[in-house]
Amino acid sequence: MGSRLLYIFSFNEIISNYYKTASMKQISVKTWIYFGVIFSFLLVLVFRNYFSLDEPNVLWAWRKGEALQWYKQYGIAEGRPVFCFLQIITIELVNALANLKYLRIVTIVLSFLFCRMIFLYLQKKGVSQTLAFIISILVFSLPGFAVFISWAECSMLVPSVMLSFYAGTLAVKVFANQLGEDKISKSKENLLVFSAIALQIVSLFNYQSLALAFVIPAFFLLILKPEMPSKKRFVFFVSIIVVFGISLGIYYELFKSLLNSSGVVMTPRGNVGFANLPWKLKWFSGVLYEATKLHFLLFKNLIVGNIFTLIIVVILIRDLIKMKFLDLFFLLSFCVLLFLPHLLIVDSWGASRNFLLISLILVFYMVTRIFEIIPTASNYAAAGIGLVFIAIMGFNIWEGWVKPMQKDYVVMNEFAGKLPAITTYTLIVEVTPPKFDMHEKQSVLKYYFDEFNAPLYSRIWPIEPGLKCLYGDIHPGISVDKISKLIKVYQDTVKLPAYELNLTKIPLNLNYQ
């Protein structure tokens, strides 16, 4: 009976077996309870009033009628027109910053469905149900998905991972005969390659760094087929890379054509440059180290923070001793591929979503190696492991994201509520932004690149649109044009224009405890 707990990643089998026997019905109920507990737990955490970074900017741009300008600047110019379109539409649909919590429900479901894709793919490639479940639930628990679930705007990012991963599975079907799987017809090969490239291009136009999941199914299969001749494994590897490279090349040419046709200038995030490549390689080494931590626990304690790094290093040393050089080559090569745009483009940065995919393959590599050494966990133990790591994920979400940002939201919302209803005079809001490490100092968690524990208002750009959106929600009778014209926000270090010096200034100190 316990084995069917793992079927939360295989709903079709649950439904088909549901009415077979009374005992199977009970098993199915347990499965739904398991999934329901996880979903409800995460929902309780993120179903709260707060917003993050670009969300108020997008909503305010829509309300002012400047959505097209936003779309050109952050969609076309950055090569993400699909993402930016979805971003504008979904945030306009919620219509108020307090309603962003509904988008977080969508992200929980999409993140779960992606991990279910991993589960089903691994099972299809001969991985035991228990092992596939453990890998999938650990992937689901990674901080990258914690950020996606916590950040409403990221609901549009997960489809990139899903589309790209599925495109990669199609490419694997074409070349998997090199690794002992059945060969398909030439016509079907051509269709699958065309479909894989088309889906991959759509995924790239949504969000480039997450569209690199294309190569992950190939990595899984290469590690799962160690008995195949090295030459065939390498030919398979090169074949996938060629298709992957073709898709990137076509995307880049289409991106440039889109820029030319729309008259938009490419942002630095789209420009390829090699001048700072030595620094990028050094930076990549740091990113790789961060990825090995997995960050299931973000505690400031150095030992706790490096537990998984130590485990992975031990596994790599063991593989060196056992002369699994080709596996190690594949691991490093795929880590590079999964970070490739950030190595090539001029302007990039290191956020968890940008090396989530590296952490994903490290989880797979680590778990498969561990269960080569020790007996596979029982089904009940696997279900217990899943709950433990979901609890850790929830702790990270609450401490590193929801609690501090909910506090930020309350301060801003209460301030907006105290502002008078404007008529013909201008309100000057003089903002004192918080220090970047304000929340980190108050938290048990370690700051994690640009996401966990970062105070929202240490970045200046969300303050004015956020305040104006909240003010508009509180005073729906005041027009957007009037709010835009008569409420002005300045940082306290900025010298005000002479004609505004005699106006009443209202202080907003965001250095709260």
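Select helix H10 first: its residues Glu189, Leu192, Ala196, Ile197, Gln200, Ile201, Ser203, Leu204, Phe205 and Asn206 are buried. Buried stands for under 20% relative accessible area, exposed for over 50%, and partly exposed for what is in between, with a 1.4 Å probe and protein chains only. Helices (H or I, at least four residues) and strands (E, at least two) are DSSP runs, numbered from the N terminus.

The model is predicted, so that local features need pLDDT of at least 70 and side-chain atom pairs count only at pLDDT 80 or more, while totals for chains, interfaces and linings use all residues. Residues are numbered from 1 along each chain as its sequence is written, and side-chain values use heavy atoms, with hydrogens and water left out.

**Helix H10 and its cover**

Keep H10 (residues 186-206) selected and consider its length. The expected span of a helix is 1.5 Å times one less than its number of residues. For the 21 residues of H10 this gives 30 Å, and the end C-alpha atoms are 30 Å apart, which agrees. Contact means heavy atoms within 4.5 Å.

**The nonpolar core**

Next, select Phe219, Phe220, Phe334 and Leu360, the residues with the most contacts inside the largest nonpolar core, which has 170 residues. Helix H19 (residues 379-418) gives the most to this core, with 14 residues. Such a core is a set of buried Ala, Val, Leu, Ile, Met, Phe, Trp, Tyr and Cys residues joined through side-chain atoms within 4.5 Å.

Which residues are in contact with Phe219, leaving aside its neighbours within four places in sequence? They are Phe330, Leu331, Phe334, Ile361, Phe364 and Tyr365.

**A buried serine**

Move to Ser136 in helix H7 (residues 129-140). Ser136 is buried, with a relative accessible area of 0%. Its side chain reaches the backbone oxygen of Cys115 at 3.5 Å.

**Two loop residues**

Most residues other than glycine have a negative phi. Asn95, however, has a positive phi, near 70 degrees. Find Asn95 in the loop between helix H5 (81-94) and helix H6 (101-124). Leu294 also has a positive phi, of about 65 degrees, although it is not a glycine; this residue is in the loop between helix H13 (277-293) and helix H14 (302-305).

Is each of these residues buried or partly exposed? Asn95 is partly exposed, with a relative accessible area of 47%, whereas Leu294 is buried, at 1%.

**The sheet**

Finally, display the open sheet of three strands, whose order is E2-E1-E3 with parallel pairing. Strand E2 (487-491) and strand E3 (505-509) are the edge strands, each pairing on one side only. From one strand to the next, the twist averages 25 degrees. Two strands pair if DSSP finds at least two bridges between them.

Strand E1 (residues 427-432) is joined to E2 by five bridges, and Leu427 has Ile487 in E2 as its bridge partner. Five bridges also join E1 to E3, where the bridge partner of Glu430 is Pro507.

Helix H21 (residues 463-474) lies across E1 and E2, running at about 150 degrees to E2. Axes are lines fitted to C-alpha atoms, for helices over the stretch in contact, and angles run from 0 to 180 degrees between N-to-C directions.

Definitions and conventions: A polar contact is a pair of N or O atoms within 3.5 Å; within protein, one must be able to donate a hydrogen and the other to accept it, and residues adjacent in sequence count only if both atoms are side-chain atoms.
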